[in-house]
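Q: I would like to learn how to read a few features of a protein model. Please take them one at a time.

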Amino acid sequence: MIEGILVEGLIYGIVSLGVFITFRILDFPDLTVDGSFPLGAAIMAILITNGANLWLALFISLGGGVLAGVVTAVIHNKLKIPSLLAGILTMTMLYSINIRVLGNKANLPLLKQETILTKVTSMAGGSMPDQYVVLVFFIIVAAVILGIFILFFHTDLGLTLGALGNNEQMVVSQGANPEILKMIGVGISNGLVAVSGAFAAQYQGFADISLGQGIIISGLASVMIGEFLIRSNRIGLLGLRAILGSILFKGIMYAGRYYGYYVHMTPNDLKLITGVLIILSLVLTKFRSIRVKKRTFL
Amino acid sequence: MIRLQNVTKVFNEGTPNETIALRNISLHVRDGDYITIIGSNGAGKTTLFNLITGTFPPTEGKIFVRDQNVTRHPEYRRAKYIGRIFQDPLLGTASNMSLEHNMMICYKKGFKGLKISLNHKMRGYFKQQLVQLEMGLEERMKENVMLLSGGQRQALTLLMMVLSRPELILLDEHTAALDPKNAQIVLDLTTRFIGEYKLTTIMITHNMSQAIAYGNRLLMMDSGEIILDVEGKEKERLTVEKLIKKFHEIRHKTFETDEVLLSGDA
């Protein structure tokens, strides 16, 4: 049970990292995520069933996500429409595309297929129960991704992206094209989300086009919960707390699912709980920001 | 250095709100010029800056930089050789990032790659530059910029702009939002940097005596036109009274902005 929460928290923690980039660093509220998550899952699943190299498949999923993000940024840049609308447009279009990727099906099971997870567990050779092997594997995956994330935001490009959401005028004054920077930032964010989707499909054993429903909200909730855990202005801790927030969020959802019946709650109420959780975080942040200036970066 | 040729800017063209912000302006800024611009609110000073930096294109006319037509070049491309400081001290720095990160972003203009340039050597260089400001900022390089005062932020913006070696700097009343003491500090720094790095400068000010005291050339603007352009010896002989009288003669109306008159003796 606890390892299940941790694994799910880590997988969806990659989504929170992506959501953190768009919502917090770029100040570009991006809803593409609801489409790029199942896109990553669909690409991974179809490539697995066709017997492609697993790591190559993961890489292509990443590329698909990046492309989805770039499309959103281009719509926003060129048509001068709000990022929210641009994201919804891409997300809607992705719904059809995802069905096509899955071979005109809404669902693709991965049972009895060799996935990265089955490979890893067979490599461990029964030295540990399978669920612990999977847990260790995802701790490593999350650590590697967090490491790349931290390195990236210390490069000149990463720093400039950090300034973009805070002060676009400053970035323009430095001779950097904000349109290109948004394409890069939103692209990276959705790339991460698609990778998460690819892992989620393998962990759950299927890809489904409705997999992405509400991902953006749970990602945002995770980011906000994380913000209560650690207070810092260092990018490493900001990334870490997004992942920890995701684990905590999964824990809360688990509790809601298993112990909710004491208060006559059903699994159907989980979306309601998620929404209330976000509103609660917003209210608490409001109260806190009266005392301390909020939102820091690096 | 930069040349404006019959430039006109009309806002909300063809609507009942149509306003002509600039009328048929021609201006040639030479290398090494230090121009001060004075004019009442709505005279078109900031619009002139926005056209030079490329925030928006002119309705009519052309803009040349070293004989290259840049009229249609976007702002970020022109920013590579133009530095601009706004009245609002918050616009020049990213408040939720540290001093050293802000300086790193401003160190080099243009697209930034995947290099990690902020190393020990770079920090030493930044520290050495910050000492010049005499504000003790060299000890606070890891702090977020939002913790600095308006004056400190404006001084930092000025320093960072100078570090990127622009060919032309535009100062849009960059001391107006500061208290008198900080305004003087920032102004002194400005004068020092302009002299040290031989920067071509255009400075908008609301303060007549400041416009007279600084620079080698003075422009006076009114309702979208440059009505006075004096330089050299003629400028040196100007006084606030003479300037107001001149305005009277040219426009046959009183120079009405209280702000200008009040700040006349500052």
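Q: Where in chain B is B:Arg237 found?

A: This is a predicted model, in which local features need pLDDT of at least 70 and side-chain atom pairs count only at pLDDT 80 or more, while totals for chains, interfaces and linings use all residues. Residues are numbered from 1 along each chain as its sequence is written, chains are lettered from A and ligands numbered from 1 in the order in which they are written, and side-chain values use heavy atoms, leaving out hydrogens and water. Helices (H or I, at least four residues) and strands (E, at least two) are DSSP runs, numbered from the N terminus. B:Arg237 sits in the loop between helix H8 (232-236) and helix H9 (240-251) of chain B.

Q: Is B:Arg237 buried or exposed?

A: Buried means under 20% relative accessible area, exposed over 50%, and partly exposed in between (1.4 Å probe, protein chains only). B:Arg237 has a relative accessible area of 53%, so it is exposed.

Q: Which residues of strand S3 of chain B point one way, and which the other?

A: B:Tyr34, B:Thr36 and B:Ile38 point one way from S3(B), and B:Ile35, B:Ile37 and B:Gly39 the other way. In this strand (residues 34-39), 6 of the 6 residues are buried, so the strand is largely enclosed by the rest of the structure.

Q: Which strands pair with S3(B)?

A: Two strands pair if DSSP finds at least two bridges between them. Strand S8 (residues 200-204) of chain B runs parallel to S3(B) and is joined to it by 4 bridges; in S8(B), B:Ile204 is the bridge partner of B:Ile37. Strand S9 (residues 217-222) of chain B also pairs with S3(B) in the parallel sense, over 5 bridges. There, B:Gly39 has B:Met221 as its bridge partner.

Q: What does B:Arg217 form with B:Asp33?

A: Side chains of opposite charge can pair when their charged atoms come close. A salt bridge is a side-chain nitrogen of Lys or Arg within 4 Å of a carboxyl oxygen of Asp or Glu. B:Arg217 and B:Asp33 meet in one, at 2.9 Å from N to O. B:Arg217 lies in strand S9 and B:Asp33 in the loop between strand S2 (19-29) and S3 of chain B, so the pair ties together parts that are 184 residues apart in sequence. Both B:Arg217 and B:Asp33 are buried.

Q: How many salt bridges does the structure hold over all chains?

A: The count is 18.
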